[in-house]
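This briefing concerns the structure shown below. Please keep the sequence and the model in view while reading.

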Amino acid sequence: MKTKFFAFLSLAIAAFSAQAGQLTLEDCCLDSRPAVPSEMVSEASGTTYLQLSADGSRVERFDYATGKRVGVVFDSNDVNGCDIKCWDGFVLSPNEKMMLLYTDTERIYRRSFKANYWVYDIGRKNAKPLSTAGKQEVPVWSSDDRMVAFVRDCNVYVAKIDYGTEVAVTTDGKANSVTNGVPDWVYQEEFGMTGSLTWSADNTMLAFIRWDESEVPLYSLPVYRGACNPKDEYAKYPGEISYKYPVAGERNSRVSVLSYDVETRAVKKMNLPVDNETYVNRIEFSSTIDRLMVNTLNRNQNEMRLYAVNPRSAVAKLVYTDKSKTWINPDLTEMTRYFDGFFVVASERDGYCHLYQYSNAGSLMRQITKGKWEVLDFYGYDAKTRRFYFRSNQDGPLTSVVASIDVNGVVRRLSKVEGSNKAQFSANLAYYVLNHSDKDTPNVYTLYNTTTGKKLRDIETNSAYAERFSGRLPKKEFFTVESAGYTLNGYMIKPSNFDASKRYPVIMYHYSGPCSQLVKNEWDVDWLDYAAEQGYIVACVDGRGTGGRGHEFASLVYKQLGKLESIDQVAAARHMAQLPYVDADRIGIFGWSYGGYETIMAMTEPNAPYCAGIAVAPVTDWRLYDTIYTERFMLTPQQNEAGYEASSAINRAANLRGRLLIVTGTTDDNVHPANTYEFAARATSEGKLFDMMVYTNEDHFIKKCNVRATLYAKLLDYFENNLKR
């Protein structure tokens, strides 16, 4: 089947195929990502790590320093009680004497899945199902390896490994009503949460969040038979996907934090100041058994509070508060870490994201990092060397650096080469794998000794991948644009055979969403690289509101999404139009999701310079999008009616100039196709001509069954017909 598809694809996009040796569309959409090493699960010693074999049959142990395999922890051919030969992944227990292996993975939402989990005793080589009553979600080991908490069908269970039994912690869970332990859709999508189960260090208490979504409006999407994995049951009458989706201004789930006493089986609600307008976006036990740390955000998302809660008495103590005049980025919460005697938080209180150290009582001990740059990740703290490890853009918003800083403020860089740098550390921070790339270099993964900084070995060089693209990709160059007194960062991709005496059509690519960033010195290959080789100049500019330049710059778009971004995108297009090698009458614009929204907004600006545009999966009115994302930047429609009116692409349909292609998937659970349909209805009523492409049973990413290849071919065909002719 796969061979037939590629044969068909070659014919379908023959009109766009490049000459032998040159870049092809298939390069850019079917095999454009460099290899990523298999997940390295560090063992507690920090000297060895575990990996699942490529065929999924074994879990093998490797030495960090040498990379040599030093053992096999699990082998499908040498296990009692199970004849499964291929696994999707594993979860090592805290004491490293047991592990969970899972198979038959079934996707739920973007980040969540359920699967059949098996408990494997490493010493005895015995395997048995975690549960036989249905697939499980988000299993979490207790620290003594004797229990596993998990979720099934919206309820929390505790499996007692020694006895082979399971106990129902909750029984009120019901789809589209109450979900325990696992977040509702909007928490998963906008906070990145997939589970909330957490064990106390002494294994006596389990804590979790309960979401009551009974009053959240139900949203339904039709499902058709389709051709990609056809659903024959819907051959004559469509089915549907129904789930709870709160649009801006509507009711959210009511949340509560609960604890479960393993011995008494008592479930208790924590005494937190949480109401219907409060989010609980993270809970975690610290190393102290009576400190359940609970992170909350108010509905306007401009005040974050951190509570230390006693799980037995349910008494909560406020230990930290952060406030903003606009919004608090929930990603900051992901950098919160708890250590003996103190905790570390990230805050933008001085205008840039930095790390702060607090005592357990809530007193500020020190600001760890400072400067007009942002901390992007916090990796941990080494108590022996008293050093904090982090990633930042201290060399400028286009690059990232991995470094450490001691308690005296002395910084030591761990990455030496300019570009994009990320790291993964061993459990004891003794080793780190550096992931480096730049605009001309695919990702290279290298292992280093943290103390000495010595390179130990290459893990993945992507040399074959780099060779395949060598000399076949157009070059990316950076530039700046002035708009309303602000200097904006951009990049440009010119054809490899660029001739400055010619005049080229331009495709302006962008995303433009708050805190997002596309203009970075990192490796990226997409269909737009192929488009450049077909005679286009591709340009991308990050306008006001985007990330990497501090909270004040991002906050410029607060309560007025689409306004400043549109001004900046038009300014960028006009900048391109003034270049001597650009045909000012042949400028197009393309974006996906928020970028699709901003494509329509820019095309409906007065005197917009675009002759064609493509909006994929666009929001067209923020009243149709979810509460958490929308209200973070716009407040509720009740609080900001004028802002919502002005930011609606639907309300601007009468101003549309140029040819527009709008694309949607019929089962997009994120940006619902209603956004496309409502804009189409208004544009039609205004007598506007436009084009639509609908992908049956496709979600927000439009990539099932390799349909992404034909999508890219369609996008390029549209620009060929409307920019070049």
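This is a predicted model: local features need pLDDT of at least 70, side-chain atom pairs count only at pLDDT 80 or more; totals for chains, interfaces and linings use all residues.

Residues are numbered from 1 along each chain as its sequence is written, and side-chain values use heavy atoms, with hydrogens and water left out. Helices (H or I, at least four residues) and strands (E, at least two) are DSSP runs, numbered from the N terminus.

**Nonpolar cores**

- A nonpolar core is a set of buried Ala, Val, Leu, Ile, Met, Phe, Trp, Tyr and Cys residues joined through side-chain atoms within 4.5 Å; buried means under 20% relative accessible area, exposed over 50%, and partly exposed in between (1.4 Å probe, protein chains only).
- The largest nonpolar core holds 114 residues, among which Met508, Met576 and Tyr610 touch the most other members.
- Helix α8 (residues 594-603) supplies the largest share of this core, with 6 residues.
- Beyond its neighbours within four places in sequence, Met576 is in contact (heavy atoms within 4.5 Å) with Phe479, Met492, Val506, Met508, Ile537, Ala539 and Val582.
- A second, separate core has 43 residues, including Tyr530, Leu711, Tyr712 and Tyr718.

**Helices α7 and α8**

- Helix α7 (residues 563-577) packs against α8 at an angle of about 70°, and their axes are 9 Å apart. Axes are lines fitted to C-alpha atoms, for helices over the stretch in contact, and angles run from 0 to 180 degrees between N-to-C directions.
- α7 is therefore roughly perpendicular to α8; angles under 35 degrees count as roughly parallel, over 145 as roughly antiparallel, 65 to 115 as roughly perpendicular and the rest as oblique.
- On the α7 side, Glu565, Ser566, Gln569 and Val570 meet Tyr594, Glu598, Met601 and Ala602 of α8.

- Strand β37 (residues 486-493) has 6 of its 8 residues buried, so it is largely enclosed by the rest of the structure.
- Strand β36 (residues 476-483) pairs with β37 in the antiparallel sense over 8 bridges; two strands pair if DSSP finds at least two bridges between them.
- β36 and β37 form a hairpin with 2 residues between them, and Ala484 in the turn has a positive phi of about 50°.
- Ser483 stands opposite Tyr486 in β37.
- β37 is also joined by 5 bridges to strand β39 (residues 537-542), in an antiparallel arrangement; Met492 has Ala539 in β39 as its bridge partner.

**Open sheets**

- In the open sheet of 4 strands ordered β9-β10-β11-β12, pairing is antiparallel, and β9 (137-141) and β12 (165-168) are the edge strands, each pairing on one side only.
- Strand β10 (residues 147-152) pairs with β9 over 3 bridges in the antiparallel sense, and Val148 in β10 is the bridge partner of Trp141.

**Loop residues with positive phi**

- Asn462 has a positive phi of about 55° although it is not a glycine; Asn462 is found in the loop between β35 (455-460) and α4 (463-469) and counts as buried at 3% relative accessibility.
- Asn607 has a positive phi of about 55° although it is not a glycine; Asn607 lies in the loop between α8 and β41 (612-616) and is exposed, with a relative accessible area of 67%.
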